[in-house]
Amino acid sequence: MDNVTHSLAGLLLAESTTRLRARRTGEEPSARFRGVAAVSSVIAANLPDFDLFYTGVGGDRLKYMLHHRGHTHTVVIAILGAALLWFAALLVWRWSATARPSRKNARWLLTLLLVSTLSHLVLDWTN
């Protein structure tokens with residue numbers, strides 16, 4: 001799959017998560033939660049393709065083919081990447097809002113990032 005498709009999947013998952021959260025908790029999520037969810041979900045949905053940074057862009061095609069969909073496209077690395085991205089998102093949230101996100105928001109965001117990152121593996125598996 002291309003990165004546009006992964007990005008759209010991340011946006012779809014973010015919107016679905018905010019609607020599911022609103023339905024389950026009975027309260028609309030804040031605009032900050034919606035924004036952080038959308039941006040971090042798009043990044044998470046593209047996270048496994050960050051192997052391009054060490055395989056090189058436009059370099060040796062054989063090296064690219066041997067390494068792409070390698071380490072970064074495993075479940076373990078996807079989960080670790082989602083956890084690191086979650087931590088970074090919480091830091092940015094706190095830095096920009098001068099207030100911590102609630103535990104409920106943090107849990108919903110972590111779940112979203114895990115699902116978004118793993119969606120990349122599922123979408124790549126289908127093609």
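Predicted model: local features only at pLDDT ≥ 70, side-chain atom pairs only at ≥ 80, totals over all residues.
1. Arg 34 is partly exposed, because its relative accessible area is 29%, where buried means under 20%, exposed over 50% and partly exposed in between (1.4 Å probe, protein chains only). Arg 34 forms a salt bridge with Glu 28, with the closest N and O atoms 3.3 Å apart; a salt bridge here is a side-chain nitrogen of Lys or Arg within 4 Å of a carboxyl oxygen of Asp or Glu. Glu 28 is exposed, at a relative accessible area of 58%. A network of salt bridges links Glu 15, Arg 19, Glu 28 and Arg 34.

2. Residues are numbered from 1 along each chain as its sequence is written, and side-chain values use heavy atoms, with hydrogens and water left out.

3. The protein chain has six helices and zero strands, in the order α-α-α-α-α-α along the sequence; helices (H or I, at least four residues) and strands (E, at least two) are DSSP runs, numbered from the N terminus. Of its 127 residues, 36% count as buried. Among contacts (heavy atoms within 4.5 Å) with a separation of 6 or more, 71% join residues 24 or more positions apart.

4. The structure holds five salt bridges in total, and Glu 27 takes part in a salt bridge with Arg 21 (3.6 Å, N to O). Glu 27 also forms a salt bridge with Lys 104, the closest N and O atoms being 3.7 Å apart. This pair links distant parts of the chain, with Glu 27 in the loop between H1 and H2 and Lys 104 in helix H6, 77 residues apart. As for cover, Glu 27 is partly exposed at 38% relative accessible area, Lys 104 is partly exposed at 31%, and Arg 21 counts as buried at 3%.

5. Helix H6 has 23 residues, which at 1.5 Å a residue should span 33 Å; its end C-alpha atoms are 33 Å apart, in agreement. The expected span is 1.5 Å times one less than the number of residues. Buried residues of H6 include Trp 108, Leu 109, Leu 112, Leu 113 and His 120. The cover over the buried residues of H6 includes H1, H2 and helix H5 (75–97).

6. His 120 lies in helix H6 (residues 103–125) and is buried, since its relative accessible area is 0%. Leaving aside residues up to four places away in sequence, His 120 touches His 6, Ala 45, Asn 46, Pro 48, Asp 49 and His 73.

7. Ala 37, in helix H2 (residues 31–46), counts as buried at 0% relative accessibility. Beyond residues up to four places away in sequence, Ala 37 touches Ala 14, Leu 109 and Leu 112. The C-alpha atoms of Ala 37 and Glu 15 are separated by 8.2 Å, although these residues are 22 residues apart along the chain.

8. Leu 8, in helix H1 (residues 3–25), is exposed, with a relative accessible area of 53%. Val 4, Leu 8 and Leu 11 make a nonpolar surface patch of about 280 Å². Patches are made of residues with over 30% relative accessible area and no salt bridge, like charges being joined within 9 Å and nonpolar side chains (Val, Leu, Ile, Met, Phe, Trp, Tyr) within 5 Å.

Methods
Areas by Shrake-Rupley, 256 points an atom, 1.4 Å probe, with all protein chains shown as cover.
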